[in-house]
Amino acid sequence: MPKDHRRSERVAEAIRELAAIFLHDGVKDPRVVGLVTVTGVDVTQDLRHSKVFVSILGSDAERKNTMAGLDSSAGALRSRVAKSLSLRYAPEIEFKEDRSVERGARIDTLLAQIRDGVAPSDEDPID
């Protein structure tokens, strides 16, 4: 009998919503600065671990400090998840930086330079 993946998807969506609200209203860590957006959440099938993917606008130092602040705030978010969802165990929460928006913008810039006949610059390589 195949396993039902819909439950982990529903829990991931609920965590995504709770994380977005948490980032907007509840983060008390002063290192979390700038615009932080939740881009997705992955939850393991056993619902024990989750990865919250965030996009952070700012300098490299701001992104690094924001990630440190988010890592230290993961326990507070886990407590909110435990209170809001009816789960036997609240999943461990790990924040991961999602740089896909930044990479997409860089690719658009390079394509525009090629289209306009300008040699692409090597200033910001795509990781």
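Is Glu 102 buried, partly exposed or exposed? Glu 102 has a relative accessible area of 39%, so it counts as partly exposed. For the cut-offs, buried means under 20% relative accessible area, exposed means over 50%, and partly exposed is in between, using a 1.4 Å probe and protein chains only.

Okay, some housekeeping. This is a predicted model, where local features need pLDDT of at least 70 and side-chain atom pairs count only at pLDDT 80 or more, while totals for chains, interfaces and linings use all residues. Residues are numbered from 1 along each chain as its sequence is written, and side-chain values use heavy atoms, with hydrogens and water left out.

Let's stay with charges. A salt bridge here is a side-chain nitrogen of Lys or Arg within 4 Å of a carboxyl oxygen of Asp or Glu. By that rule we get nine salt bridges.

Have a look at Arg 63. Its side chain meets that of Glu 97 in a salt bridge, 3.1 Å from N to O. That pair links distant parts of the chain, with Arg 63 in helix H2 and Glu 97 in strand E3 (residues 92–97), 34 residues apart. When I say helix or strand, I mean DSSP runs numbered from the N terminus: H or I with at least four residues for helices, E with at least two for strands. Arg 63 also forms a salt bridge with Glu 102, and there the closest N and O atoms are 3.6 Å apart. Again the partners come from distant parts of the chain: Arg 63 in helix H2, Glu 102 in helix H3, 39 residues apart. Salt bridges that share partners join Asp 60, Arg 63, Glu 97, Arg 99 and Glu 102 into one network. As for cover, Arg 63 is buried because its relative accessible area is 7%, whereas Glu 97, at 28%, is partly exposed.

Another bridge to click on is Arg 31 with Asp 29, at 2.7 Å from N to O. Asp 29 has a relative accessible area of 15%, so it is buried; Arg 31 is partly exposed at 35%.

Arg 31 leads us to Thr 66. What does Thr 66 touch, leaving out residues up to four places away in sequence? Arg 31, Val 32, Val 33, Val 36 and Ile 56, where contact means heavy atoms within 4.5 Å. Thr 66 lies in helix H2 (residues 60–84), and it counts as buried because its relative accessibility is 0%.

Now the surface. Patches are made of residues with over 30% relative accessible area and no salt bridge; like charges are joined within 9 Å, and nonpolar side chains (Val, Leu, Ile, Met, Phe, Trp, Tyr) within 5 Å. Ile 107, Leu 111 and Ile 114 form a nonpolar one, with about 280 Å² of accessible area together. Those areas come from the Shrake-Rupley method with a 1.4 Å probe, and for residues only the protein chains shown count as cover. Ile 107 sits in helix H3 (residues 100–115) and is partly exposed at 39% relative accessibility.

There's a positive patch too, where Arg 7, Arg 10, Arg 48 and Arg 88 gather. Lys and Arg count as positive, Asp and Glu as negative, and His and the chain ends are not counted. Each charge is placed at NZ of Lys, CZ of Arg, CG of Asp or CD of Glu. Arg 88 is in the loop between H2 and E3, and with 77% relative accessible area it is exposed.
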